[in-house]
Amino acid sequence: IATDGQEALSAIAGGGVPDLVISDIFMPRVDGFALTKRIKEDARTAKVPVILVTSLDSAEDKSRGIQAGADAYIVKSRFDQNNLLETIQQLI
C-alpha cells in the first residue's frame, strides 16, 4: 500500500515484485500514468499487471492509460466491485 506514485515506486524498488498494482491516476509527485509507465519500463516489473481506477472517462484518457501500459482501465463512475474482482482474477 502506498499513498502516492513515488511511494509505490520506492516500495517496489525496496521490496519484492508485487503480483498486481491497482492505482488511481491523480496522485501527488508521480501520477498513475507515470507510475504505470515506469513499472512497465523496468525489466523486473514489466510483467506486473496494472489496473488504473479513475474518474477520467474520456477516450483520450483511456488511450493514454493503455499507452502507458495499463492492463485494465476502470472508470469510477461505473465502478462495480465484482468487475474489479473479475479483472484481478483474469490478470493474475
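**Exercise 1.** In which helix does threonine 87 lie? Determine also whether threonine 87 is buried or exposed.

*Solution.* The model is predicted: local features need pLDDT of at least 70 and side-chain atom pairs count only at pLDDT 80 or more, while totals for chains, interfaces and linings use all residues. Residues are numbered from 1 along each chain as its sequence is written, and side-chain values use heavy atoms, with hydrogens and water left out.

Step 1: Threonine 87 belongs to helix 4 (residues 81–91); helices are DSSP runs of H or I with at least four residues, strands are runs of E with at least two, and both are numbered from the N terminus.

Step 2: Threonine 87 counts as buried because its relative accessibility is 12% (buried: under 20% relative accessible area; exposed: over 50%; partly exposed: in between; 1.4 Å probe, protein chains only).

Step 3: Leaving aside residues up to four places away in sequence, threonine 87 touches Ile51, Ala72 and Ile74 (contact: heavy atoms within 4.5 Å).

**Exercise 2.** Identify the bridge partner of isoleucine 51 in strand 3, and describe the sheet.

*Solution.* Step 1: Isoleucine 51 has alanine 72 as its bridge partner in strand 3.

Step 2: Strand 2 (residues 50–54) and strand 3 run parallel and are joined by four bridges (strands pair if DSSP finds at least two bridges between them).

Step 3: The sheet is open, with three strands in the order 1-2-3 and parallel pairing. Strand 1 (21–23) and strand 3 (72–75) are at the edges, each with a single partner strand, so one side of each lacks a neighbour in the sheet.
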